[in-house]
There are 2 protein chains.
Amino acid sequence: MTTPQARLPRTPNSPPTEFGGDAVTWAMWLYYAEGRTQSEVAKLLGVSRASVANYLSEARRRGLVSINMQPDLLARVELGRSLAQRFALAGAHVIPAGAGDESDLQDLRRRLGIAGSEVLRPHLGREAVLGIAWGRTMLALGQALPEQTIPDMRVVQVSGSSLGGEESSPEFCTALIATRLGARCQNFHAPAIVSTREMRDALLQEPGIARQLSRIKTCSVVVFGVGELDEAVVFSEPDFLNQATVSHYLAKGAAGIVIGRFIDGCGCGDRRPPLGSADRHRARVAAGGAGAHLHRRGCLRKLAAIRAALSGGYATRLVTDAATAQRLVEA
Amino acid sequence: MTTPQARLPRTPNSPPTEFGGDAVTWAMWLYYAEGRTQSEVAKLLGVSRASVANYLSEARRRGLVSINMQPDLLARVELGRSLAQRFALAGAHVIPAGAGDESDLQDLRRRLGIAGSEVLRPHLGREAVLGIAWGRTMLALGQALPEQTIPDMRVVQVSGSSLGGEESSPEFCTALIATRLGARCQNFHAPAIVSTREMRDALLQEPGIARQLSRIKTCSVVVFGVGELDEAVVFSEPDFLNQATVSHYLAKGAAGIVIGRFIDGCGCGDRRPPLGSADRHRARVAAGGAGAHLHRRGCLRKLAAIRAALSGGYATRLVTDAATAQRLVEA
DNA sequence: AGGGTGTCTTGACATTTGTCACCGGCGGGA
DNA sequence: TCCCGCCGGTGACAAATGTCAAGACACCCT
């Protein structure tokens, strides 16, 4: 087919990178389902092999075809089994340790996000209600989710705003994940922290706020990161956590933060237990471990926070890396 | 890593090609989830790249990782849309025509099986009840299903035994598919055809039989092939279909067989309509077309059978190949 | 009608991947 | 204890795949 053949007729006004016809679909079918080589597909479709490669890449980019693995596989790893048993979890999903490079914190978060999105997958579907917290690991999770369109699904912001950095804020994480899933996004239009109790009570009276709070109770699955309690976090939330607050709660025995609430080593939060942890039917996925394997100041704090979250029964599933998992079972 | 390194410790008594440890899992994770190259994975795991390739191939063979595509895509193919509209189907899934080789009947069946398994996928899940008929296309469907474990799911044999060949018998198809899905298998422990009405009535009184019949009514989705009425089929079911029976029903206007019952061009079965076709909420997937595009004696019969099944409303979805679909819309 | 722009396609190249024959250790049997 | 068979690992080669810059066609605007 060296002659410059006439283009196939297309639908006239198709979006930029859109390909109106069936070529992508058929290429995808022949390649992925029937296991033919790209050359064979090219011959069958009458185009060059390079085009077939393009079609396939397009199909993957658009999520028309997806490879997925049983998320339980990660739980079958020996370490995962020990962890799950030790903390009475429904599953502990352990990803391989990274390159061991100390500068890989960002990379580790990216990989935790990938793992989290896999673990989340079986919980998604029509009528599902997904509660999303915030943090950089949540952000990574959103970025790892394949784009899809799930009708009748909702993504609910489970914590108030003004937490986290710009990109890892609750609003942004929730919106990103909702967009990726093609689901409805229901944000929490109120700050997480207000200065007076009167303001708090007034806010709770707001119909929109009350509605959001009741939505949170209907979540079929909640995902959150585990934050450590440490001077470093003060930097990013000046209005929420300051030196005085952290010291105060540390003195009271707090070990970590889960969805904006302090938890201690016994699993008792500072006020009511978050997440409806009494509800055994709701899946609660904790993603943690970013940084916990590094030999830094915050390392022990991070471990303590995760251990507190697990002991307290805040999570039913944990996603973490091998190094962190190792330390968790050792203790 | 050219030095012959010591072998990793393994579980002693593992089955032949079984690999006890986590290496396969981690290789799979790093490669498929994180998108690293095999060389990188090899470096991380400390083995040769060839071994990684072997691990991955093992993972695919065991179905630990599976690629799947949106089944609706197949329905979006133009031909599929016409078909669906013409016969008021919820979807008509059209796979590309084969190589055009007349000897490819077996291959076509294999490909129909792949398509069928994709179409079936969204109907599977917890609490789902899958009704399975029989035939070589059903067998191919089972073989195309990836191995998985779906809790609380059942696979129900919807027709009596002694139909089809050894491998394509109702029992075998049902068992195969149940195994692949990790679901419970509920067989029909009775012959499909008995010689006297008295025997039939007596069987219906049996508690086990009655229970199975009620199970069939609870199926959330039923899958079946469409059989043509033709002298050739006599060969495989000597006890059921013989020359006389076929001629008898042909004379009465029968056009095909669906789940062991004769149907005619108007969609009226010989006795009651099968499959609870009045139930609009139940998905009924028909897989048909094997051989229908070939220029043989049975070709028209096969087409007529499929058309009868569609016109009669026995199916809500059809899976077929492009050549057959073409002929169906032309008529 | 002419020129510009953007998209799709293509051939060529570099990389990645699948496969096969060979190798080495381990375990079982004589 | 020695030998043999088997299983898994490895290196090297061939095939398949991803990527890039350049070309061609259609559409749009003037």
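Start with chain B: select strand β3 (residues 129–132), helix α7 (residues 136–144) and strand β4, and you have a right-handed β-α-β unit. Keep in mind that you're looking at a predicted model.

β3(B) and β4(B), the latter covering residues 154–157, run parallel and are joined by four bridges. For one spot along that pairing, pick B:G131 and look across to B:V156 in β4(B), which stands opposite.

Next, show side chains on β3(B). Which residues point which way? B:V129 and B:G131 go one way, B:L130 and B:I132 go the other, and all of them are buried.

Time to bring in chain A. Select the contacts between the chains: 26 residues of chain B touch 26 residues of chain A. On the chain B side, the elements giving two or more residues are α1 (23–33), β1 (65–69), α4 (71–76) and α6 (105–120). Colour α1(B) first, as this helix supplies the largest share, seven residues. If you colour by class instead, that side of chain B shows 16 nonpolar, five polar and five charged residues.

Last stop: zoom in on the β1 strands. Strand β1 of chain A (residues 65–69) pairs with β1(B) in the antiparallel sense, over five bridges. To see one end of a bridge and its partner, click A:M69 and then B:V65, its partner in β1(B).

Conventions: Residues are numbered from 1 along each chain as its sequence is written. Chains are lettered from A and ligands numbered from 1 in the order in which they are written. This is a predicted model: local features need pLDDT of at least 70, side-chain atom pairs count only at pLDDT 80 or more; totals for chains, interfaces and linings use all residues. A residue is buried if 20 or more other C-beta atoms lie within 10 Å of its own, exposed if 12 or fewer, and partly exposed in between; C-beta atoms are placed from the backbone. Two strands pair if DSSP finds at least two bridges between them. A crossover is right-handed if, with the strands pointing away from the viewer, the path from the first strand over the helix to the second runs clockwise. Two residues are in contact if their C-beta atoms, placed from the backbone, lie within 7 Å. Ala, Val, Leu, Ile, Met, Phe, Trp, Tyr, Cys and Pro count as nonpolar, Asp, Glu, Lys and Arg as charged, and the others, Gly among them, as polar.
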